[in-house]
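Please open the structure in a viewer and keep the selection tool at hand.

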Amino acid sequence: MNGQNRKDITAGTEVTIVLKEDQRTGKLTRGVVKDILTNSSFHPHGIKVRLTDGQIGRVHEILKPN
């Protein structure tokens, strides 16, 4: 599942994100969602989230829905 729809993501969801500094390379970071930062219901580049370890990025893929 891609991370473009806000309704698919909740706190505790395991995801892969693209950090701002990794946008050019496309390197993915895996983690668990702590906060959802995007207010709109859809974003073409992925919903922006904060992981439990504090990293912020756009959701690339939802691994385990909560």
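Begin with the whole fold: four strands form a closed barrel in the order S1-S2-S3-S4, with antiparallel pairing. From one strand to the next, the twist averages 70 degrees. The angles run from 0 to 180 degrees between N-to-C directions, and the axes are lines fitted to C-alpha atoms. Strands are DSSP runs (E, at least two residues), numbered from the N terminus, and two strands pair if DSSP finds at least two bridges between them.

This is a predicted model, in which local features need pLDDT of at least 70 and side-chain atom pairs count only at pLDDT 80 or more, while totals for chains, interfaces and linings use all residues. Residues are numbered from 1 along each chain as its sequence is written, and side-chain values use heavy atoms, with hydrogens and water left out.

**Stop one: strands S2 and S3**

Select residues 29-36, which are strand S2, and residues 48-51, which are strand S3; the two pair in the antiparallel sense over three bridges. Ile 36 has Val 49 of S3 as its bridge partner, and Val 33 stands opposite Leu 51 in S3.

Next, colour S3 by its two faces. Val 49 and Leu 51 are on the covered face, whereas Lys 48 and Arg 50 are on the uncovered one. In a regular strand the side chains alternate between the two faces of the sheet.

**Stop three: the nonpolar core**

Which residues make up the largest nonpolar core? Select Ile 9, Val 15, Ile 17, Leu 19, Val 33, Ile 47, Val 49, Leu 51, Val 59 and Ile 62, 10 residues in all. A nonpolar core is a set of buried Ala, Val, Leu, Ile, Met, Phe, Trp, Tyr and Cys residues joined through side-chain atoms within 4.5 Å. Buried means under 20% relative accessible area, exposed over 50%, and partly exposed in between (1.4 Å probe, protein chains only). S1, S3 and S4 are the elements that give two or more residues to this core, and the largest share, three residues, comes from S1.

Now centre the view on Val 33. Leaving aside neighbours within four places in sequence, Val 33 is in contact (heavy atoms within 4.5 Å) with residues including Ile 9, Val 15, Val 49 and Leu 51.

**Stop four: the salt bridges**

How many salt bridges does a search of the whole structure find? The search finds four, each being a side-chain nitrogen of Lys or Arg within 4 Å of a carboxyl oxygen of Asp or Glu.

Select Glu 14 and Arg 30, whose closest N and O atoms are 2.7 Å apart in a salt bridge. This pair links distant parts of the chain, with Glu 14 in strand S1 (residues 14-19) and Arg 30 in strand S2, 16 residues apart. Glu 14 counts as buried at 18% relative accessibility, whereas Arg 30 is exposed at 55%.

Move to Asp 35 and Arg 50, whose side chains meet in a salt bridge (2.8 Å, N to O). Asp 35 lies in strand S2 and Arg 50 in strand S3, so the pair ties together parts that are 15 residues apart in sequence. Asp 35 is partly exposed, at 27%, and Arg 50 is partly exposed, at 28%.

Finish at Lys 7 and Asp 8, a salt bridge with its closest N and O atoms 3.3 Å apart. Lys 7 counts as exposed, at 69% relative accessibility.
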